[in-house]
Amino acid sequence: MMMTHIFSFEWLHIRKSGAFWGTAIVLPLLIGFSLYLGSERTAQQEETITQLRIAETSFYEEMRSQLEAIESGDAEVNAWFQNPANPLVLGQFGEAGRHIFLEPKPLAPLAAGQLDILPYYGRVTLTNLQPLRDNALENPFMQVSGSFDFAFVLVWIVPLFIIVMGYNVISSERERGTYSLLQSQPVSIRSILVQKMIFRFLLILGIIILSLLVWSALFSIELFNIHGLQLIGVISLYAAFWFTLCALFNLFQTSSAVNAVGLTGLWVIFLLIIPSIISLIVTSLHPVPSRALWITEQRTIQQAVEADGAELFDLWVVDHPEEFVEGDTPQFYNTWMRRFVWAQTIAEREREAERQFEEPRERQAQLASRLRVLSPPMTLQAWLERKAGTDTARLRSLENEMRAFQQEWQEFFLPRFQRLEFFTSDELTEIPSPDL
Amino acid sequence: MNIYSIARNQLTQLVRDKVVASLGLLILLLLGVSIITGISYYSEMSEQHHQAEELARIQWEKQGDKNPHSAAHYGTFAFKPVTVLSVFEPGVDRYTGVSIFLEGHRQNFAAHSLAEDKDSSRRFAELTPTFIFAYLFPLFIILAGYRSITSEKESGMYRFLKSQGVSTGQLIAGKTLGLWTVILLIYIPFLLIGLIVLIITGAFVESLAGFLLMGIVWLLYFGVVAHITITVSALVKSSGSSMVVLLSLWILSTLLVPRLITNIASGVHPVPNTTEFYQAVRTDLLEGIDGHNPYSEHSAAFRDSVLTAHGVDDIADLPFNFRGMMLQEGEEFEKKIYDHHFAKIDEIHRDQNRLFSISSLLSPTIAARMSSMAVAGTDMHAFNHFTAEAELYRIELVRELNMDLKLNAVGDRATGYTAGGDFFARNISFTYERPEAVFINSAQIMPLIISLFWFVASILILTVAARIKEEV
């Protein structure tokens, strides 16, 4: 009873306030624009994926029809590197190979995460793992200022609106002289404060969720599922956190101006100071060496393998006598057999050397995830990126997925190449694909 | 006289104000920490880059006897320079690749940006002087100045001062002077520390001009914030609303406009993705000479024209190695194609940057950041200059290699020709050096002008505010 009373008075009061109408207009617009950009970004990703899949399918279909033509005697093979029956042509050269994708998750439009830095797809051939960095051509100033996504609006901007709505709930009463009026009521100031806060909390939450649902429906982002429910839960918690801070400030006998300064100060601490100190600690405790040296190291590995090339290959043949056909074989066979052995050795040694980056990076991530609890905004950002599938951990998993698929790819093509057994057109349907 | 006593009074108040004083100290502390960590990071990086550069050269020279064109495929690297000014203004440094692989037939992107290897918490905020100056310092100025006039009104001092013959103009001038003094109290120590850093790192001569210009850029920015703060404080009724208005402006300038404009820019002037880019390049490459494929139509036509010109029927009868000639011909054609496509990307970036410059009319923060990156040599233009130099080097190196093949792989040396270590040691080498201490091209001048514009405009606004209040 009391609650509805306070709520209806609050409504009468708040609908006259500029801060409220400002919030009610600006916040939905910001949310809408961020979701629009997000859905565009995801659509573009999906488009890229579709295009590459089509190109891949049509390449193998083309190979197959060429091979069929050759088998039926309608066409001839011009050169060995154009023969569609050759495992090298099917698994290594030109457009051969497969793309591995980290497909956008349902909530991908909500957070751009690290997508502007780390690749979400790459190409695999028998010897190459090539993550494709679409961002390589991007204006780096974009990466400096960051993405305007829903995560940004929620994590950075929403708290400021909450502060504007909640910094002077009681202090303004005191300043307007209506405080003693409140005190004369049969309800404690504290419970009035709590209920006023709850009212404002529900109002802002309503604005956020309503605009989220409406815009999502418009941009076909699927929210009516468990993920959407979790999202709403998390948004409520985050808003509640900031309203609680506002309420705490209003409990003290401080002026509105002091409250505004104090709450903004907390915002600065949670969103700017703590994160900057965390990133400082994390990178100083576990420094990652420069990639400049890594590049030369890679080269040293390559040179070493090249220098010992003949010996390495002979050793390999001794170990795998059944995998190498000696005698009168084409020159490309001898060349590529060696290349595969060398590529394998180089890949193994590079994996080893790559540890010096992986280890500190992992330690950085672990430490950061522990320190993040100090700042609810950072925790929320991390949660959103995970939900959107645009977090560092997932994007880094691309390389593992590519490596796993390369294994499969090699297991399909290499034994055939080693025995110099070419493919027939029927067998071309069995070429491995990550989608199956 | 009045102005100075008002300023002195304001200064005393601010220094005694616990919140202002502790925030000021916090900023100084953060600046100190950011410089110390920045320096150690810088020296580590530049050490590693030097090592890498030397190693890469040794690897090139010691690659063993090889066909020169195999050496072109083997390739070498160019390393992005690390500048001491990046300690203060890292600019786009973290996001651009640290090295470019230079090889025959193609132009590669710079690869391995630092951002790829760093934890993502850094993207919230990274403790660098430029972060402190762009975000925290304006907040400090707002905090120090938002009440400067409103509190006089609220306490009734305003009327009292007026009755004492102090004009609003004098009050505003005094308060502004006081605020400026507080700003300089923090900023001058920073500048001194910065100069010491330049001396210690031995980069004093080449970095001084950039550092001083950067110092001026930020000072202009602080001036803009200070003048707007005083203006708002003079125009609104209460300290509370002064705070809210100023904070909204801060959010707009530092958070909203920069993120909005960069995202709008990438929508208005989209960059093709890497796959599209390479596809376009590949399509164009098919239109010309493929140095490796003597059977292609263009290569055959080229061969015939060379044969005719020398009046022989077989390439073996030519006085030079035809393959070397064809590879070079192909290389030059490929370069043209790559240059053309990279120029298109550059054009898109320029359009985007123009949008950023325009948007800095709404956000002094963008103007200041773009200007400070430009003078510190850590913006995209500086990076492009490095990649352009690396490309010049690449094409010259490949030419040396192809020429060696063309001139020396003749007669009985034609089959199985190799060049030795002494040849590779003689090859042109690459060390990137910035052309001048500060070099700014026409595209970068815009943000600097807008920074200056903001400063002048903020003074004008302040004067107009004083005039308005005088009349009331």
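This note comments on chains A and B of a predicted model.

1. Overall form of chain B. Chain B contains 17 helices and three strands. Its C-alpha atoms fill a box of roughly 105 × 45 × 35 Å along the principal axes. The radius of gyration of chain B is 30 Å, whereas a compact globule of 472 residues would have one near 23 Å.

2. Burial and contact range in chain B. Buried residues make up 46% of the 472 residues of chain B. Among contacts in chain B with a separation of 6 or more, 82% join residues 24 or more positions apart.

3. The contact between the chains. Chain B contributes 61 residues to the contact and chain A contributes 62 residues. On the side of chain B that touches chain A, helix α10 (residues 239-268) of chain B gives the most, with 13 residues. By class, that side of chain B comprises 33 nonpolar, 20 polar and eight charged residues.

4. Is A:Arg291 buried or exposed? A:Arg291 has 22 other C-beta atoms within 10 Å and is therefore buried, the cut-off for that class being 20 or more. Leaving aside residues up to four places away in sequence, A:Arg291 touches B:Val98, B:His112 and B:Asp117. Within chain A, A:Arg291 and A:Phe357 are 66 residues apart in sequence, yet their C-alpha atoms are 8.8 Å apart in space.

5. The strands of chain B. Strand β2 (residues 97-103) of chain B is largely enclosed by the rest of the structure, because five of its seven residues are buried. Strand β1 (residues 76-79) of chain B pairs with β2(B) in the antiparallel sense over four bridges, and there B:Phe77 stands opposite B:Phe101. β2(B) also pairs with strand β3 (residues 106-113) of chain B, again in the antiparallel sense, over five bridges. In that pairing, B:Ile100 has B:Ala110 of β3(B) as its bridge partner.

6. The hairpin turn. β2(B) and β3(B) form a hairpin in which two residues lie between the strands. B:His105, in the turn, has a positive phi of about 75°. The contacts of A:Arg291 described above include B:Val98 and B:His112; B:Val98 falls in β2(B), residues 97-103, and B:His112 in β3(B), residues 106-113.

7. The strand pair of chain A. Strand β1 (residues 98-101) of chain A has A:Arg98 and A:Ile100 pointing one way and A:His99 and A:Phe101 the other way. In a regular strand, side chains alternate between the two faces of the sheet. All four of these β1(A) residues are buried. β1(A) pairs with strand β2 (residues 121-124) of chain A in the antiparallel sense, over four bridges. The bridge partner of A:Arg98 in β2(A) is A:Val124.

8. A helix pair in chain A. The axes of helix α9 (residues 226-251) and helix α14 (residues 376-388) of chain A come within 11 Å and cross at roughly 170°. How are α9(A) and α14(A) oriented to each other? The crossing angle is over 145°, so the two helices are roughly antiparallel. From α9(A), the residues A:His227, A:Val234, A:Tyr238 and A:Phe241 meet A:Pro376, A:Leu380, A:Trp383 and A:Lys387 of α14(A). This contact has six nonpolar residues, one polar and one charged.

Notes: Residues numbered from 1 in each chain as written. Chains lettered and ligands numbered in written order. Predicted model: local features only at pLDDT ≥ 70, side-chain atom pairs only at ≥ 80, totals over all residues. Axes fitted to C-alpha atoms, helices over the stretch in contact; angles between N-to-C directions. Parallel < 35°, antiparallel > 145°, perpendicular 65-115°, else oblique. Contact = placed C-beta atoms within 7 Å. Nonpolar A, V, L, I, M, F, W, Y, C, P; charged D, E, K, R; others polar. Rg over C-alpha atoms; globule rule 2.2 N^0.38 Å. Buried ≥ 20, exposed ≤ 12 C-beta atoms within 10 Å, placed from the backbone. Pairing = 2+ DSSP bridges.
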